[in-house]
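Keep the sequence and the model side by side while reading.

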Amino acid sequence: SSFSSKNLGALAPQTVTVIDARTGGWYKIKSFAGDAWINPTSSPDLPTSYQNIDLRKPSKISAQRINEYIKKNRPNSLLIGQGNLFLEAQSKYGVNADYLVAHAMLESDWGTSPLARTKNNLYGQNAVDWNPNAAYRFNSLKECIMYQAYSVRKYWLEPTGNRYNGPTLIGMNKTYAADKQWASKIAGLMNEFYKFNANDYR
């Protein structure tokens, strides 16, 4: 059956009586402020999707999971076997590995684009619309991934960065990409290979 609640605000420390319960951690309580449904396991501070996680927090994904997922979905990808590089970049620069993988997949067509194959450029760095040939050439995929993690952390995820609008995909979208769906697309890819769990980002 359906249920509704009124906002009680913060409850002072007290003993409450549970008078009903629902799945998902919801309890109906009797308190000094009246009867209400509460969910003690939820928190307004937790992110609701990959679009608003703090990208400076680490992912719990493994290199094996990255490699297996890419191999299954794009067997000709240059990214197969490179899962450890994304985790290394996460460790070195403090940029979420899930994001780094998903962004690389989006920009390089899963590691199959001409830029990826000829310049080791997975993120379209410096491939501006009016001059795509200006795209940076990297000596290796590792160099490209490390450069991306370094620059994103410095300019987009730090309050001192000149493109900072909050350390989230939504914040990055304001100055990183003209496509207003950019954050949504990356979050969707992240969720495909590692299901979102808000508790991972407490």
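A residue is called buried under 20% relative accessible area, exposed over 50% and partly exposed in between (1.4 Å probe, protein chains only). P159 is exposed, with a relative accessible area of 53%.

The model is predicted: local features need pLDDT of at least 70, side-chain atom pairs count only at pLDDT 80 or more, and totals for chains, interfaces and linings use all residues. Residues are numbered from 1 along each chain as its sequence is written, and side-chain values use heavy atoms, with hydrogens and water left out.

**Confidence and overall make-up**

pLDDT is the predictor's confidence in each residue, from 0 to 100. The protein chain averages 86. A score of at least 70 is reached by 80% of the residues. Over residues 5-10, pLDDT stays under 50. The model has nine contacts (heavy atoms within 4.5 Å) for that stretch beyond four places in sequence. Where pLDDT is low, the predicted coordinates should not be read in detail.

The protein chain holds seven helices and three strands. These are DSSP runs, numbered from the N terminus: H or I over at least four residues for helices, E over at least two for strands. Along the sequence the pattern reads β-β-β-α-α-α-α-α-α-α. Of the 202 residues, 39% count as buried. Among contacts between residues at least 6 apart in sequence, 51% join residues at least 24 apart.

**Helix packing**

Helix α3 spans residues 97-107 and is mostly covered, with nine of its 11 residues buried. Among them are Y99, L100, V101 and H103. The buried residues of α3 pack against α1 (63-73), α2, α5, α6 (169-176) and α7 (182-193). At the start of α3, a side-chain oxygen of N96 comes to within 2.9 Å of the backbone nitrogen of D98. This is a polar contact: a pair of N or O atoms within 3.5 Å, where within protein one must be able to donate a hydrogen and the other to accept it, and residues adjacent in sequence count only if both atoms are side-chain atoms.

Helix α2 covers residues 83-93, and its axis comes within 9 Å of that of α5, crossing at roughly 35°. Axes are lines fitted to C-alpha atoms, for helices over the stretch in contact, and angles run from 0 to 180 degrees between N-to-C directions. On the α2 side, the residues that meet α5 include L85, F86 and Y93; on the α5 side they include L141, I145 and Y150.

**Loop residues**

Which loop holds N121? N121 sits between α4 (114-119) and α5 (141-157). A polar atom of the N121 side chain lies 3.3 Å from the backbone nitrogen of Y123. Beyond four places in sequence, the contacts of N121 are L115, A116, A135, Y136, F138 and C144.

P159 lies in the loop between α5 and α6. Not counting residues up to four places away in sequence, P159 touches R56 and Y164.

W110 has a phi near 60°, a positive value in a residue other than glycine. Phi of N126 is near 70°, again positive in a residue other than glycine.

| Residue | Relative accessibility | Class |
|---|---|---|
| N121 | 1% | buried |
| W110 | 12% | buried |
| N126 | 34% | partly exposed |
| P159 | 53% | exposed |
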